[in-house]
Amino acid sequence: IMDILNKQDYSILNKEFNDKNKPYRYVVIDDFFNGDIAGELSNGYPDINDDKWYKFRNEIDGIKNVLEQGMYGISKKEDMSESWLNTFLNLNTEEFCEVLEKITGIDSILPDTYNDIGQWTGLRMMDKDSYQIIHSDARLHPHLKMEKKLTIVGYLNENWTEEDSGYLELWNNDMTECVEKVEPLFNRVILFENTKTSYHGVPEVNNYRKSFLLSYLRNAKDFKETRPKALFVKRPYEKDEELIDKITELRANLEDY
């Protein structure tokens with residue numbers, strides 16, 4: 001695993017991850033992969049018109065899905081290039097979980113063994129004018145029944161500009177303030193702890209946005225959370241948007257994950 005990653009100062013990353021001034025624990029890591037691997041993954045990222053992309057729901061029960069639009073994913077192993085599949089397999093190991101423990105200070109981190117690469121692992125693409133409103137991720141693995149403890153979201157957008165937008169917005173616990181906007185720069189990842197209120201989203205995208213994600217688990221005996229899906233929430237100026245409430249309820253009751 002260390003052959004594909006750049007060397008990092010774990011003590012500095014640990015301090016940043018556990019900064020008490022943040023509403024929840026996270027750290028932004030630049031130059032995540034070594035240069036050769038980053039270039040290979042970027043070159044192997046599927047074209048926007050590739051037929052392997054599946055489209056997220058633009059409608060739910062015939063109603064516009066106002067929670068997320070213009071989003072695509074590739075999550076099946078057989079649809080991934082060899083370089084991407086090998087990378088995901090390497091990052092979904094006990095060895096990399098030990099790296100995550102050094103960065104976070106959280107013990108007993110486990111890889112997601114479901115389907116070898118995990119329930120939520122894959123490539124994600126957002127088209128121009130797409131969005132995903134603010135939410136906190138699923139808390140319970142729907143198949144393994146363990147806590148979804150950590151998420152990595154990574155980016156491979158070369159020559160990104162402010163006009164492209166596509167920032168990952170991080171919000172405070174009571175949804176009154178956006179505390180940080182993370183630019184989706186090439187070879188950058190954000191690692192964050194999943195909590196009930198680890199609110200984040202991508203409300204605006206003005207250019208083709210390339211990302212990937214992985215999740216990590218913890219088998220905590222005292223874990224009581226039962227939510228296997230994301231929970232979408234409103235920003236202050238969306239408080240009167242009743243359609244958000246309606247689609248949030250419909251989406252929560254869908255049978256698939």
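**Packing and charge pairing in the predicted model**

The buried residues of helix 3 are covered by elements that include helix 2 (35–43), helix 4, strand 7 and strand 13 (209–218), where contact means heavy atoms within 4.5 Å and where helices (H or I, at least four residues) and strands (E, at least two) are DSSP runs numbered from the N terminus. The structure is a predicted model, in which local features need pLDDT of at least 70 and side-chain atom pairs count only at pLDDT 80 or more, whereas totals for chains, interfaces and linings use all residues. Residues are numbered from 1 along each chain as its sequence is written, and side-chain values use heavy atoms, with hydrogens and water left out.

Within helix 3 (residues 82–91), the buried positions are Ser83, Trp84, Thr87, Phe88 and Leu91; buried denotes under 20% relative accessible area, exposed over 50%, and partly exposed the range in between (1.4 Å probe, protein chains only). Seen down the helix axis, these buried residues fall within an arc of 130°, so they line one face of helix 3, the arc being that of the directions from the helix axis to the C-beta atoms.

When residues up to four places away in sequence are not counted, the residues touched by Phe33 include Ile4, Leu5, Ala38, Leu41, Leu91 and Phe212.

In strand 7 (residues 122–136) lies His135, which counts as buried at 4% relative accessibility. A polar atom of the His135 side chain is 3.0 Å from the backbone oxygen of Ile133, and the side chain of His135 also makes a polar contact with that of Asp137 at 3.4 Å; a polar contact is a pair of N or O atoms within 3.5 Å, of which, within protein, one must be able to donate a hydrogen and the other to accept it, residues adjacent in sequence counting only if both atoms are side-chain atoms. Beyond its neighbours within four places in sequence, His135 is in contact with residues including Tyr199, His200, Leu231 and Phe232.

Salt bridges, defined by a side-chain nitrogen of Lys or Arg within 4 Å of a carboxyl oxygen of Asp or Glu, number 13. Glu68 pairs in this way with Arg251, with the closest N and O atoms 3.0 Å apart. Since Glu68 lies in strand 5 (residues 68–74) and Arg251 in helix 5 (residues 242–252), the pair ties together parts that are 183 residues apart in sequence, and both residues are buried. The salt bridge between Asp116 and Lys77, by contrast, has its closest N and O atoms 2.6 Å apart, with Asp116 partly exposed at 44% relative accessible area and Lys77 partly exposed at 23%. A further salt bridge joins the side chains of Lys149 and Glu193 (2.8 Å, N to O), linking strand 8 (residues 147–155) to strand 11 (residues 188–193) across 44 residues.
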